[in-house]
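Good morning, and thank you for coming. Please look at the sequence and the model on the screen while I take you through them.

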Amino acid sequence: MKIFNQIESEVQSYARSFPRIFNRAKGEWMWDEDGNQYLDFLAGAGTLNYGHNNPLFKQALLDYIEQDGITHGLDMHTRAKGEFLQTFNDKILRPRNMEYMVQFTGPTGTNAVEAAMKIARNVTGQQNIVTFTNGFHGVSLGALAATGNSHHRDASGVSLNGTHRMPYDGYLGDNIDTTEYLDKVLADSSSGINSPAAVIVETVQGEGGINAASIEWLRNLQTVCRKHKILLIVDDIQAGCGRTGDYFSFEEAGIEPDIITLSKSLGGYGLPFAVVLMKPELDQWKPGEHNGTFRGNNLAFVTAKAALDHYWSDNAFSEEVKRKGRYISQRLENIVQQYGDGNFTTKGRGMFQGINCVNGELAGKITRAAFQKGLIIETSGADDQIVKFLCPLVISEANLEKGIDIVEEAIREVCAKTDHIPEEKVYFEVA
């Protein structure tokens, strides 16, 4: 650990939760230098939907490197890029009757968000973007302005502007449709909300606490956007690529975003890769208007194509993820019924779920106890109060069961040592 303590920046985060030196990983497993084995329920914060070092992708990547394939090509045409585009069009877009142009941005999710907001502003001539409470869209300045988390916002050092914050689904209580509020302020010329360029939304807010918008709310949001001629951007960076069961997290709602951002598991192997999908009429960029040296990660094109070929050529993988999601729901519901004095609740959908432990101190004790038992699992939410289940989608049923067993055991032990389980504060009660 000496070299990390000597010269690595204090900004490190995950390393504090898991103070080990890891040197090998396979599927849903990681090993440290001492040979200890850990089940991975973090999965690169959603980057490793297909597991670590997936053998189906590894050989394609090794073959490409062995043949001296293009590694870095800026935005020039390469065979790897062309094959990815063709496969993405054939396996993802066309079967869903989706017509979008594909923009390769810098390889991070936050860069895709920056580009999405920028093109929305350029096309509409409007400046502001509607964002939602507890949203997380990245930490570069434009994306950070759309992010709600004060820990990240306070680190910016400058005023963050260009956005209007609106309440997410459920923020004002279970019986308030916050899209009605959005509709009202957009219709009222004295509301103080100027005509926005776009609305950006996560269908499931990952870092914000595994808050899952209802299908009805998402449909209503699209209706409001179309009524007021506002572009709808879905940030599918963490919730997409199969995490909720379908390739896109919004498919169940049947909505049709104007712009979509993808990253994280898009590259398949954990290699950096991000894109913006936009309706053809929105593709009004001038050449090089939004660029980046690493917007052509050809190694990621190879593994991304392999992921599409192996997992998205039919519905079998999607159905498997949904089945595992139902199992997770069942297990988590049983856990919150047994522990937490009735104050714990479940959140999320598909294989993107969590347990609300009310406060961060309690959730942190649970994840630390789980780590001591061989499970890597993190927290999310404004107060880190959510134990966040983000295991690889390809995890075996036995290891999925084992991982949840570990969490349940950790919860049992922590709750047994806790005199009082806090109750979640209810701000909006229905009389």
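Predicted model: local features only at pLDDT ≥ 70, side-chain atom pairs only at ≥ 80, totals over all residues.

A residue is called buried when its relative accessible area is under 20%, exposed when it is over 50%, and partly exposed in between, using a 1.4 Å probe and protein chains only. By that rule, 52% of the 431 residues of the chain are buried.

Residues are numbered from 1 along each chain as its sequence is written, and side-chain values use heavy atoms, with hydrogens and water left out.

Let us begin with the overall form. The radius of gyration, taken over C-alpha atoms, is compared with a globule rule of 2.2 Å times the number of residues to the power 0.38. For 431 residues a compact globule would come near 22 Å, and the chain has 22 Å, so the two agree. Along the principal axes, the C-alpha atoms fill a box of roughly 65 × 60 × 45 Å.

A contact means heavy atoms within 4.5 Å. Of the contacts between residues at least 6 apart in sequence, 74% join residues at least 24 apart.

Next, the secondary structure. Helices (H or I, at least four residues) and strands (E, at least two) are DSSP runs, numbered from the N terminus. The chain has 14 helices and 17 strands.

How far does helix H14 reach from its first C-alpha to its last? The expected span of a helix is 1.5 Å times one less than its number of residues. H14, residues 397-416, has 20 residues and reaches 28 Å, close to the 28 Å expected. Its buried residues include Leu-400, Ile-404 and Val-407.

Helix H6, residues 109-124, has 16 residues and should span 22 Å; its end C-alpha atoms are 23 Å apart, which agrees. Among its buried residues are Val-113, Met-117 and Ile-119. Just after H6, Gly-125 takes a positive phi of about 80 degrees.

Finally, Asp-169 is found in the loop between strand E6 (163-166) and H9. Not counting residues up to four places away in sequence, Asp-169 touches Thr-178, Ala-212, Ala-213, Ser-214 and Trp-217.
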